[in-house]
Structure formats: C-alpha cells, structure tokens
Amino acid sequence: QVQLVESGGGLVQPGGSLRLSCAASGSIFSIGTMGWYRQAPGKQRELVAAMTSGGSTKYADSVKVRCTISRDNAKNTVYLQMNSLKPEDTAVYYCNANIRTYSLSSNAYWGQGTQVTVSS
C-alpha cells in the first residue's frame, strides 16, 4: 500500500510564507512526476506546481513568481515553498505522485490534503 502524507499547512498572514512537505511511503518501485494541487471551497481542483523525476518543472501562472517546488528523491519527498501569500491562496493543498509499485502497476496517488489559510 502506498501513502502520501502532507504537512506544513496552517494559518499565515498575507505576505507570509509557508513550506509544504509531502512524503511518499509503501511498496514503491519508482516515482515519476510529483506535484501540488489546491482546491478552494466551491472551486475545481487546480495544478499549482509539478516536477518530473528528471527535474523539469511546471507552475501555474498565478504562483510562478512566488512559489518554488523542490524534491528529495532519497526521501521520496516533494516540497512547495510559498512566499508573499495572498488571501486567494487559501485552499486545501493536495500532494500528487505518479508511482510504480513492485507489482509493476503504475497509478496516480493523492495525499489527504493540508489546509492553508491566508488571513489577517
């Protein structure tokens, strides 16, 4: 069984910073792309940032200047550094990873989500 566990969310003032972490564990053979999505109340889930196993990155236009995705392959962990946070960044942030298990099946896995609230 594969699990993704996020951490690092919380309440922050506008202009503040947070670093989200997501660690994958379980019967993992290899991990391809890892990324972060977010979903605000009443809205669709959207991609924030993603990184391939080779280090290529993709960012949503709304966060490109303020966010940096990074990855520690030895720890099966992906990070999202978020700076200059705005109230519109408030959402539940979900980790996503494309993982091949030792059974050789490949699937997209999701974490349980971590709440980010930007408010004064």
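Trainee: How many aromatic pairs does a search of the whole structure find?
Mentor: Good place to start! This is a predicted model, in which local features need pLDDT of at least 70, side-chain atom pairs need pLDDT 80 or more, and totals for chains, interfaces and linings use all residues. Numbering runs from 1 along each chain as its sequence is written, and side-chain values use heavy atoms, leaving out hydrogens and water. Rings of Phe, Tyr and Trp (its six-membered ring) pair if their centres lie within 6.5 Å, with planes under 30 degrees apart stacked, over 60 edge-to-face and the rest tilted, and the search of the whole structure gives a count of 2.

Trainee: What geometry do Phe 29 and Tyr 102 show as an aromatic pair?
Mentor: Their centres are 5.7 Å apart. The angle between the two planes is 80°, and the pair is edge-to-face.

Trainee: How many residues apart in sequence are the parts that this pair ties together?
Mentor: Strands here are DSSP runs of E with at least two residues, numbered from the N terminus. Phe 29 belongs to strand 4, while Tyr 102 is in the loop between strand 9 and strand 10, so the contact joins parts whose separation in sequence is 73 residues.

Trainee: Why is the pair of Tyr 37 and Trp 110 edge-to-face, and at what angle are the planes?
Mentor: The ring centres are 5.0 Å apart, and the pair counts as edge-to-face because the planes are at 65°.

This pair also links distant parts of the chain, with Tyr 37 in strand 4 and Trp 110 in strand 10. Tyr 37 is partly exposed at 24%, as is Trp 110 at 39%. To come back to your question, the planes of this edge-to-face pair are at 65°.

Trainee: Which residue has its charged end over the ring of Tyr 94?
Mentor: A charge sits over a ring if NZ of Lys or CZ of Arg is within 6 Å of the ring centre and within 35 degrees of the ring normal. Over Tyr 94, at 3.8 Å from the ring centre, the charged end is that of Arg 45.

Trainee: What is the bridge partner of Tyr 37 in strand 9?
Mentor: Two strands pair if DSSP finds at least two bridges between them. Strand 4 (residues 28-39) pairs with strand 9 in the antiparallel sense over 9 bridges. Within strand 9, the residue that partners Tyr 37 is Tyr 94.

Trainee: Which residue in the turn between strand 4 and strand 5 has a positive phi?
Mentor: These strands run antiparallel, joined by 5 bridges, and Met 34 stands opposite Met 51. They form a hairpin with 6 residues between them. In that turn, a positive phi of about 75° belongs to Gly 42.

Trainee: Which residue takes a positive phi in the hairpin of strand 5 and strand 6?
Mentor: Strand 5 (residues 46-51) is joined to strand 6 (residues 57-59) by 3 bridges, and the two run antiparallel. Ala 50 stands opposite Lys 58. The hairpin has 5 residues between the strands, and the positive phi near 100° is that of Gly 55.

Conventions. Helix = DSSP H or I, 4+ residues; strand = E, 2+ residues; numbered from the N terminus. Buried < 20%, exposed > 50% of the residue type's maximum accessible area, 1.4 Å probe, protein only.
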